[in-house]
Each structure stands twice: as C-alpha cells, then as structure tokens.
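Visitor: Hello! Could you walk me through how to read what is shown here?

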Amino acid sequence: MVVDVANPIGSPWQSENIPDIDTLYMRVHKGWFNEDGTINPGVFRDRGDGMSTDWSKYSTPGDTCNRAKTPEENSVISMNVGEVRTIPNQLVRHTPDEKLNNRAHTDVVGNKEPKSNPEARVRFSRICQIVIHYTG
Amino acid sequence: MAKLTKRSNAYTYGVPGLVHPDEILKSAGPAGKALADSLLGIQGSSSGGASAYTLPSYRSTKVPGEAVEHIVDAISQSKKILDLQYDWDEAGSPGYKRKTWERAKNFLLENAANLWHINETRIDAPKILPGPDGSIDIHWKAKRHELLINIPEELSELAGYYGDNEIGQSVKGTLDTSRNHSWLWMWLIQ
C-alpha cells in the first residue's frame, strides 16, 4: 500500500518503484506509422523530462488512448519494463502527474537524442507491441 | 543483394568519380526526371545557398538508371514529409525543412551511385521518414540487419547512425554526409 505523505512536492501520489514484470503504455499518433503498418522509430523521443508513458498499475491501454487530444487518431503500444531497462542508459521513473490527474504517468529517462543515440530508438522499436490501433 | 549487370545504355558523364545528385536523378528514368523537374526552381542548385552544408566537388561517371531508380522512388515518396506542419502528431513536433530533406536526398543518391561505381551493387531502398525534432531518418530494416541514419535539422551537424545484424555485429557513430560513406553501405550488404 502506498502512503502519500512522503511526497515532497505535495502531490497526492508518491512515486513508486516499477517492477520489471510490469508494462508501460504509450500513445503513438497515426502520423508515426509507416505505410506498411510498422512504427517509425522517430516516435521514441523525449518530450520534457523524458519519454512519456503510463504504468499498467494505474492505466489501461484505453485510458492511455483517451488522454490524447484525438483518441481515434492514436494507437497505443506496450513495452515490458524489464526490456526497457535493458536499453543502454534508459531509466524508468514513475512521475505521477497531478495536474493532468494521471497517477500512471511514467517517464523513460535517458539519452534518445536523434543524432547521438539512434541505437536507443532502434531498440525501443524492437520491444514494443501495438495494443490499440488508431481508427480515425 | 542483387548484383546488376552493366548495361550498354548506361548514362555516361565522363571520367569516373562522384556524380551530381541532380544528374543521378535524371538518369533514373521517368520517376527521377519527374522528381528533378519538381525540384527545379525550388532548391536552386543542390550545392548553392547559404547553408553550412556543402556538397562535394563533382566529377562524372556512369550511373545506370536501374542502379538508383528504386532509391529515387523512395525519395519521391518521402517528399510528403515536407507537407507536415507544426504539431502534425498532436505532440508538438515541428515541420521539416526542405534543406534537411535535400541533404538526405543527396546523401542517398551520391552513395547509391558510389556503391555502384565501386562494386556494381545496388542497395535496397530505405524508408525515408520524419524523425524527431525536425530531423529526417533513413532506415533500412531487414531480417538480417538494421541501420538507422539520422539527418539532423541543423545542416552544420553531423548525421548519427546505428546498425546491427543477425550475427551481433554493430556500428554506430556520426558521419559527414558530404563525404563518401560507401563503407557503411557495404557493411549493410555484407
């Protein structure tokens, strides 16, 4: 049971350790899909503090999809946490987002800079599976 | 990897060496000519402009159209990248600059021609994709190997690359796209 009193910034949700066996969900806009249905590795990039995902403990794929501006234009992919951690220099950090009311929010932190680390993007693209396909 | 036979009707541009990307396009059949025509008046000359990226000095060589026509097709298809506007992915991704795309185009054409010149071999066409932060990715993925080259939005920056294959060999680093990198393409087809 998680106790929230330890959170130093006053969020009702404490950051938790995420087990390797768990899953991360991530939205992928239809623009990041290739014509053959494969995912463009360009989608694996940092925005802000890291690559934004949702932890399966507090989110379903549907929840993740519905947080998009236009859910029907987004797919959701899943990645096993343990596999994410095998990608060099990538850390999985639970970062619940009170402002967006998203307790599942999790950043994958580490160098994904397009020029200096294309390896990370190649590896992310190999470990992901599509769990919801866009419809719009 | 298919190895092509020299054709008697190969386009000839004089002594062996590098060939200008625009000339390669023109040698690549109707698709190449159409792409070259569509670029006229838009890019000026590929080596012109005030960009920090400078194309090499070109000499001429034979480049059979079939050595590069599949690359030209991929380049033509990728032109739609230039239509993407800011926030095209609902996540704040920027649009793409023509000069970034032209750098990718020239890099591919020059190296396809060089590879043919060195080894009479043609490489499979890659995917040319919108990348992160206004960069463009050149991506080969097959059963036995994968190679991702990132062309940065900023023309003065080196391109980054990573590749590996089924026997565990990998390559990664940065490269100057104005130079000949046939070695990397040879690695891909080994």
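Guide: Gladly. Buried area is the accessible area (1.4 Å probe) that two parts lose on being put together, summed over both. Between chain A and chain B about 2200 Å² is buried, with carbon and sulfur atoms giving 50% of that area. This is a predicted model, where local features need pLDDT of at least 70, side-chain atom pairs count only at pLDDT 80 or more, and totals for chains, interfaces and linings use all residues. Residues are numbered from 1 along each chain as its sequence is written, chains are lettered from A in the order in which they are written, and side-chain values use heavy atoms, leaving out hydrogens and water.

Visitor: How many salt bridges are there between chain A and chain B?

Guide: A salt bridge is a side-chain nitrogen of Lys or Arg within 4 Å of a carboxyl oxygen of Asp or Glu. The count between chain A and chain B is 8. In one of them, A:Arg45 meets B:Asp89 at 2.8 Å, N to O.

Visitor: Which helix of chain A gives the most to the side that touches chain B?

Guide: Helices (H or I, at least four residues) and strands (E, at least two) are DSSP runs, numbered from the N terminus. Helix 3 (residues 118-127) of chain A gives the most, with 7 residues.

Visitor: In what order do the strands of the chain A sheet lie?

Guide: Strands of a sheet pair through backbone hydrogen bonds, either parallel or antiparallel. Two strands pair if DSSP finds at least two bridges between them. In chain A, 6 strands form an open, antiparallel sheet in the order 4-5-2-1-3-6. Strand 4 (91-94) and strand 6 (129-132) of chain A are the edge strands, each pairing on one side only.
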